[in-house]
Amino acid sequence: MTTTSAKATALPAVAKKPRAAIGDRTLRKDRWWLAPWLTVVALTAWLGYGLVRVFMQDWYWSAEHHYLTPFYSPCVSTGCIPEASHFGRFLPDHPLIPYAALTLPLLLIFRLTCYYYRKAYYRSFWLSPPACAVPDGHASYTGETRFPLIFQNLHRYTFYLALVITLINTYDAILAFDGEAGIGIGLGNLVLVGNVVMLWLYTVSCHSCRHVFAGRLKHFSQHPIRYRWWLLVSRLNTRHMLWAWITLGTLVVTDAYVMAVSAGWFTDLRFVN
Ligand code: FES
């Protein structure tokens, strides 16, 4: 290399300058705070509703139509109505033990460790950071490599348990077509099935599910079937946030519908039988 070409390619020396003195917390002019606020309100309201319903221990089963709310499935407490207990009754009946105490904690951990919900509550509840180009609400960041956030890694295992619980919800929805008067279809059946379909979309679009199908593959060409499934799951995965919110909504709607029919606030709209 000649001296001339070396000079031509040398980077110009950059004089060190102090950062611009900007007093504002952020230069964003849009309503960046709206999404975190809405998330706080929606998640708090959902948790409040769920807690009230789970400890109500009533109006979870429609005896006439065999509708069981997902908040009480599987109903395994000795306090459960026998017809609503599709998997036996073995947990003690106590006001502080939910009738579905076997599955609710698992579902809670599954959602709490979900990649999407992590983003949602890190931003909205912990302000870490509340939005892009907005300063973090905390002075330091330790990531998810140490206690307690290292437990977020449990997600890949809770995925398998969530699959089983979704299967149980599907079983409940199928059984509900066989009511007291025999096989029939009512609005409650559509609500239960709609909820289960959404639960499957949410569960199967999980990032862990993508990993199950193709996480360790080096050559897609040698595993065409797994590759096809991976493509499908990846497509669903792009809407994971949407399924996460929709399922929160369908769970509440399904539970509220079963509660209303069970309490006799209105009768189920029947299409067949
Ligand atoms: S990443 Fe959301 S359920 Fe797995």
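A pocket is an open set of grid points with protein on both sides within 12 Å along at least five of seven lines. The views below come from a predicted model.

**View 1. The largest pocket and the residues around its centre.** The volume of the largest pocket is about 800 Å³. Its lining consists of 32 residues. Those nearest the centre of the pocket are W46, L47, L107, L108 and R111.

**View 2. Helices that line the largest pocket.** Two or more lining residues come from each of α2 (34–56), α3 (104–112), α4 (115–124), α5 (155–175), α6 (187–204) and α9 (240–263). With eight residues, α2 supplies the largest share of the lining.

**View 3. Residue classes in the lining of the largest pocket.** Of the residues lining the largest pocket, 25 are nonpolar and six are polar.

**View 4. The cavity.** The structure contains one cavity of 30 Å³ or more. The volume of the largest cavity is about 40 Å³. Its lining is formed by L68, P70, N169, D172, A173, L192, N195 and V196. The elements that contribute two or more residues to this lining are α5 and α6.

**View 5. Residue classes in the lining of the largest cavity.** Five residues of the lining of the largest cavity are nonpolar, two are polar and one is charged. Among the lining residues are L68, P70 and D172.

Note on methods:
Residues are numbered from 1 along each chain as its sequence is written. This is a predicted model: local features need pLDDT of at least 70, side-chain atom pairs count only at pLDDT 80 or more; totals for chains, interfaces and linings use all residues. Side-chain values use heavy atoms; hydrogens and water are left out. On a 1 Å grid over the protein atoms alone, a cavity is a set of points where a 1.4 Å probe fits but cannot get out, and a pocket is an open set with protein on both sides within 12 Å along at least five of seven lines; lining residues have an atom within 4 Å of a point. Grid points are joined across faces, edges and corners, and a volume is the space filled by probe spheres set on the points. Helices (H or I, at least four residues) and strands (E, at least two) are DSSP runs, numbered from the N terminus. Ala, Val, Leu, Ile, Met, Phe, Trp, Tyr, Cys and Pro count as nonpolar, Asp, Glu, Lys and Arg as charged, and the others, Gly among them, as polar.
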